[in-house]
Amino acid sequence: MKISRAEVEHVAKLARLSLTEAQYAVFTPQINNILEYIEKLNELDTANVPPTSHAIPLSNAFREDEVKPSIGLDLTLANAPEKEGSTFVVPRVI
Amino acid sequence: MELYAHTIHEAHEMLKKRDISAVELTKSVYDRIDRVENKINAFVTMNKEEALVSAEAANQRYKDGTATPLTGIPLGIKDVICTKGLRTTCSSKILGNYIPPYDAMVMSKLREAGAVIVGKTNMDEFAMGSSTEPVWTGPTRNPWSLEHISGGSSGGSAAAVAADECLGALGSDTGGSIRQPAAHCGVAGLKPTYGRVSRYGLVAYGSSLDQIGPITKDVTDLAIIMNSIAGYDPQDSTSVPREAPDYTAALTSGLKGIKIGLPKEYFISGIDPEVMAAVKNGVAELEKLGAEVMDVSLPHTEYVVAVYYVIAPAEASSNLARYDGVKYGFREKSPANLMDMYYQTRTNGFGPEVIRRIIMGTYVLSAGYYDAYYGKASQVRTLIRRDFEEAFKVCDVLVTPVAPTPAFKIGQMTDDPLQMYLSDIFTLSANMAGIPGMSVPCGFSSAGLPIGMQLMAGHFNEETLLKVGFNFESATDFHKQKPARQLSR
């Protein structure tokens, strides 16, 4: 086993997901299969190979630090599940 | 011929001559939608009211003489591209009520060109999949055979174009999501070079792989849409500052001097024999048209699926961390506290494939595993990229199958994600290397399902792909076939 039921639960927690027992029963073997397949990469010696994070290398995209118009408060809050005045409202934190 | 059945360039000619009006064209498309959409399920959201207003405005532009080749042309937009004021869901419950406050750059460009936006097309949830079978909006059916998938993740766009529910469409492609559904639905699709089309306003899945591109009824239409959407955009920091050419200028006849490479790793046993035969016939046709054909090798092909299913889920898990129920989208009703709100919102808002990839991605990025998985995969990605660099030293275009089989049946792969991932084997590498890839129809299976041929070229070499595809189409009529029989029942 590449990954145990407990590890899947730990990772799910990091990603703020709470799965049911039935979901763990499905996902754990599926993710194991995929991770076992990915083991294939270890056949290759990559000791001196630089990583590719983007296929088209670009150096930093800089711009002038200028103030520009924004979309404004109404549009910003338009999709809020809950709002009050000029703020997003969330449940109590603790 | 009904108006909805035309290509973009045909419709534009008729609009220009004032043989038809843009309003007639748009109404014809919605009449078609009324007749076939209940069979196909290509759209998540319709935009009829605004479309008719745009069509009126388009009529005016033809009168004024300010019309462009896309003015008055009804287009479908994949529901992963933000449309100001028009719901954008990614076929996910978690964005089920999201109305973007801004347009993606490609939308600003299409609106400026005068295009008519028919509606938002269905997709695999957050573009994660190869079959357009999202749980929340239901599967999009293949217009050629309603029991089969449309392909994915841009299955709604490809099916809508194939079923004449729009004249052309935008899709997005992270590992084949434009090319594979285009192949399965018998239409043309182009994934541009990474950085060629702005990703500003494209809901992110795998940011180093995602690219927007057109899905159309023929190659000329691909070039027309590319002329509108390609170009540098400072709002996308990975956009490449490089002038976009006139892609329609590449559509000239003759393939003399074009060198076509056949990567031997893409013509392997396990490929459906009808797919193999159709692609080989396609290659023979290109040779007849004057192209020189040669064998090449992309030796790291067998590692492509493994690399992709580390990198894409890793990027996805990071990108999808933003869906927390605070500022927009779905929020579960009565959580006990903030932490509970995160858990409930994300667990109930995402479907199973998205949850699987978030867990995979979080795992491969987590402490102690990062180097073994993400680091290793990024290094192998370099080897894959170098394979292409070597190949393009000796040839201009690579020709391969798009998918190992024609479209499979709806529901056939949903329980076996690894098997589904392996079906992406021929399309993932173009995203990894950042090169452009195109799919054109090259045949049909004995069951009547379309088969596509993939063409790939070096960075920013879309013009060569378009030229080869244009010549292929001029010599064949696969792209002119319509799935009429299935849809008239």
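1. B:V275 lies in helix 8 (residues 273-288) of chain B; helices (H or I, at least four residues) and strands (E, at least two) are DSSP runs, numbered from the N terminus. B:V275 has 23 other C-beta atoms within 10 Å and is therefore buried; a residue is buried with 20 or more other C-beta atoms within 10 Å of its own, exposed with 12 or fewer, and partly exposed in between, C-beta atoms being placed from the backbone. Leaving aside residues up to four places away in sequence, B:V275 touches B:P401, B:P404, B:T405, B:P406 and B:I451, where contact requires C-beta atoms, placed from the backbone, within 7 Å. The C-alpha atoms of B:V275 and B:A475, 200 residues apart along the chain, are separated by 19 Å.

2. This is a predicted model, in which local features need pLDDT of at least 70 and side-chain atom pairs count only at pLDDT 80 or more, while totals for chains, interfaces and linings use all residues. Residues are numbered from 1 along each chain as its sequence is written, with chains lettered from A and ligands numbered from 1 in the order in which they are written.

3. Chain B comprises 16 helices and 13 strands. Its radius of gyration is 21 Å, close to the 23 Å that the globule rule gives for 489 residues, so chain B is as compact as a globular protein of that length; the radius is taken over C-alpha atoms, and the rule is 2.2 Å times the number of residues to the power 0.38. Buried residues make up 62% of the 489 residues in chain B.

4. Helix 1 (residues 5-14) of chain A packs against helix 11 (residues 352-365) of chain B at about 95°, with axes 9 Å apart. Axes are lines fitted to C-alpha atoms over the stretch in contact, and angles run from 0 to 180 degrees between N-to-C directions. The two helices are therefore roughly perpendicular, the term for 65 to 115 degrees (under 35 is roughly parallel, over 145 roughly antiparallel, the rest oblique). A:V8, A:V11, A:A12 and A:L14 meet B:I359, B:T362 and B:Y363.

5. A cis peptide bond, with omega about 10°, joins B:G152 and B:S153; B:S153 is in the loop between strand 5 (145-149) and helix 5 (155-162) of chain B. B:F126, which is not a glycine, has a positive phi near 55° and sits in the loop between strand 3 (116-121) and strand 4 (141-142) of chain B. Most residues other than glycine have a negative phi, and most peptide bonds are trans.

Note on methods. Contact = placed C-beta atoms within 7 Å.
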